[in-house]
Each structure stands twice: as structure tokens, then as C-alpha cells.
Amino acid sequence: MSDFLFRKIISIILSVSLLCSLAGCTPAGDAEAESVVTPDDIIVVGFSQLGAESDWRSANTESMKSVFTKENGYELIFEDAQQKQTNQITAIRSFIQRDVDYIVLAPVTETGWDTVLSEAKEAGIPVIIVDRQVEVSDDSLFTCWVGSDFELEGRKVCMWMSKYFAKNGVNPSDVHIVDIQGTLGSTAQIGRTKGFDHMASLYGWDVVTHEVGDFTKSKAKEAMFAILRNYDNVNVVYCENDNEALGVIEVLEASGRKCGSNIKDGETMVVSFDGINKQAVSSLVAGQISCIGECNPLHGPRVESVIRKLRSGQEPYKYQYVNEKIYTNSNAVPSIMLGGKEYGVTVLNESDLYEWPY
Ligand code: GZL
């Protein structure tokens, strides 16, 4: 081929490509170009996360960030509210201003959302609630909720304790139990406390007191110190999350007590919720924590499936509960029956720690 002809063909190919890209089309067979996501295709999600107070919260945030990525066709605008509702309200208003496609809210507490969710509804932006719930006058202010049944979590752990005590000859009247509560007014605290109060009364346990631990190790330590100063008969501590349990164990051991399941021999039983913090799960395997009610944080895929449903014109279920396990270190109670449903109990041992998913 002559030099002149070769140059002619190259210039024709270049001008065709240039014309195509200007016209927004891609030359046939250019699969790479067709797979490029244009700005219009990107789904913009504004996520207001309540804070970073616990390992559960960090795992929940990670789950959302690992799903809502550019590669998956999303732009995630993430705002950490540092446990302040005012920061969450400000974040939601900024999402509205930016006209995001979806708002995801993990609310710090249940009340105070009507006004800002009405603004989101006014702007035509669907709101998906994750983890804790919102108490609103009109439930059309949010599209749906994904999370845990916290009262069921509490009832399951209490029923496990009741069966364990019965198996080991412990009289309910000899159970002197305290509740270290999570963030007051949060659905997780409301549900776990309600489950605790209901079952403790049903079984005839001596409920010594409730103290606020705010789902943090430091606050739970303060609460446990106060309890030990004021009461000397406590032999069971119901912690509303793992971070609290780690603080409680530190204080109990510093005061000379042994944490374990054998309260007849003077040990102090500690139970907890979440099952995320590796140290807490190791404490369960070692016997310092007797039972953990799983609270699954992996809501990223669940929220994405809601968004996919909405985009294909389907209506997601309004309330979507996740299934959760009961972890322990003893096979004394293989399962429990609650509300006509059987829940298996998962016995963890050393080997489980090596593959712990969080
Ligand atoms: C439960 C979540 C709670 C966790 C705590 O879904 O709201 O908040 O149990 C976290 O660890 O702080």
C-alpha cells in the first residue's frame, strides 16, 4: 500500500471516531466505551450515619461503603453525625439541596424526624431507614426500614439465661441482675430493655437496677463502677452491646470478681449483643461472656436491593427484619422456643475466631 493511501485511511478512521464521540455514539465493537458509566447513569445516595460509637457501627458503615461504590454505579455521599440528631438533620437537608436520588438514614434516636422527612418527601426523594427506627406521624415519610428486631434479641438472650439457670439448679429468686442500657431513646435500647424487663418479670428475677452505658465501653465502665458502689448482690450483668460488655468485664475483674456462667459458685455472668467486636467474641469463647445475641450490621446489600427494586418499579416491604443467631460457649442449651418458633444456639470455639467475618 502506498504511503499516501495509508495516511488517507488513517485520517478517515480518526475523523469517523472524532465524529462519533462528538455525536455521543461509540464506534461499533468498541465494547470498552459502551461499558463506561456516564454521569447520568450514576445513582447518587446520601447516607446519614449516626456516628462511630461502636464496632457494630463501624461494620455497618463499612457494609454501606463497600456496596455503594463507583464501580457499582453509585456515588455515595457519607455524613457521620457524631451521635447528634442536629447533624443528621443538617446532612439530610444538604442531600435535598444536592437533589440526591436516595437518602439513607441510620437514626440516632426514634423521635424528631417528621419535619426533615417531610422536606425530603416534598423534594420527591425516597428515604430508606436502616438499623434503628423512626417514630413519625405519617409512615409515608419513609419508603421502608431494614434492621433487627431488638425486643426479640433481648427475649432470646434472656430465655437462654433462664434455661441455662434451670439446667444448673439456679433459683430465679437468686438471680440479681442489672441492665446496662444503650443510647436512651434508640430503637436498639428500647427493644433490648423491653425484652429484658418482660422476661425478667416473667421469670421472677431480682432486677437490681438499670444504668445507661450508651453503647460505649467508657460509659459502661462508669455505670458498672456506680453499681458496685451501691449494690453488693449483683451476679448477672445484661449489657446492651459488646463494647459495654468489655468495659463491664474490666471493672468486674478489677474489683476481684470472676466473670463466668457459674453464678452458684460466685462468678458474675455477663451477656451482650452484636457479636462484631473480635475481643468480645474471644471473651465469649474464653467464658468471660456467657451469651451474645447477634445483631447483624451488614445492611449495605439489603439497602441496595431495596434501591434496585424501586428502580424496577417494585414496592419493597415496609419493614424488613434480618435473621440473627444466639452465640454461646456451652452446649447446655441447644435451642430455645419463643413465640412458637425454635431458635438454634450457635456454640463458638477457638477455630471460629480465625474466620470471624468482621
Ligand atoms: C443495633 C445498633 C446498636 C448496636 C450498638 O442495631 O443500633 O448501636 O447494638 C450500636 O453496638 O452502637
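This is a predicted model: local features need pLDDT of at least 70, side-chain atom pairs count only at pLDDT 80 or more; totals for chains, interfaces and linings use all residues.
Residues are numbered from 1 along each chain as its sequence is written, and side-chain values use heavy atoms, with hydrogens and water left out.

**View 1. Overview of the protein.** The secondary structure comes to 12 helices and 14 strands, where helices (H or I, at least four residues) and strands (E, at least two) are DSSP runs numbered from the N terminus. Of the 358 residues, 50% count as buried; buried stands for under 20% relative accessible area, exposed for over 50%, and partly exposed for values in between, with a 1.4 Å probe and protein chains only. Among contacts (heavy atoms within 4.5 Å) between residues at least 6 apart in sequence, 70% join residues at least 24 apart.

**View 2. The packing of helix α8 against helix α9.** Helix α8 (residues 217–230) and helix α9 (residues 242–254) pack at an angle of about 40 degrees, and their axes are 7 Å apart; axes are lines fitted to C-alpha atoms, for helices over the stretch in contact, and angles run from 0 to 180 degrees between N-to-C directions. This angle makes α8 oblique to α9, given that angles under 35 degrees count as roughly parallel, over 145 as roughly antiparallel, 65 to 115 as roughly perpendicular and the rest as oblique. On the α8 side, K217, A220, K221, M224, F225 and L228 meet N243, E244, L246, G247, V248, E250, V251 and L252 of α9. Sorted by class, this contact has eight nonpolar, two polar and four charged residues, with Ala, Val, Leu, Ile, Met, Phe, Trp, Tyr, Cys and Pro taken as nonpolar, Asp, Glu, Lys and Arg as charged, and the others, Gly among them, as polar.

**View 3. The packing of helix α4 against helix α5.** An angle of about 10 degrees and an axis separation of 10 Å describe the packing of α4 and helix α5 (residues 114–122), which makes α4 roughly parallel to α5. Here I89, I92, R93 and I96 of α4 meet T115, V116, E119 and A120 of α5, so that by class the contact has five nonpolar, one polar and two charged residues.

**View 4. The packing of helix α6 against helix α7.** The two helices pack at an angle of about 35 degrees, with their axes 7 Å apart. Residues of α6 in this contact include F150, G154, C158 and S162, and those of α7 include T187, G191, F196 and Y203. By class, the contact of α6 with α7 has seven nonpolar, six polar and five charged residues.

**View 5. The largest nonpolar core and the surroundings of Y238.** A nonpolar core is a set of buried Ala, Val, Leu, Ile, Met, Phe, Trp, Tyr and Cys residues joined through side-chain atoms within 4.5 Å. In the largest one, of 29 residues, M161, F165, W205, Y238 and M269 touch the most other members. At least two residues of this core are supplied by each of α6 (150–167), α7 (187–203), β8 (236–239), β9 (269–274), β13 (335–338) and β14 (341–347), and the largest share, seven residues, comes from α6. Leaving aside residues up to four places away in sequence, Y238 touches G154, V157, C158, M161, I177, V178, D179, I180, R192, F196, V271 and F273. Apart from this core lies another, of 28 residues, among them V234, V251, L252 and I289.

**View 6. R57, a buried residue of helix α3.** R57 lies in helix α3 and, at 1% relative accessibility, counts as buried. Residues up to four places away in sequence being excluded, R57 touches Q49, L50, G51, A52, A106, D131 and R132.

View 7. E71 lies in the loop between α3 (55–67) and β2 (74–80) and is exposed, with a relative accessible area of 68%; E71 and I42 are 29 residues apart in sequence and 9.8 Å apart in space, C-alpha to C-alpha. D99, in the loop between α4 (85–97) and β3 (102–105), has a positive phi of about 55 degrees although it is not a glycine, and at 54% relative accessibility D99 counts as exposed. D214 is found in the loop between β7 (206–212) and α8, where its phi is near 60 degrees, a positive value in a residue other than glycine; with a relative accessible area of 27%, D214 is partly exposed.
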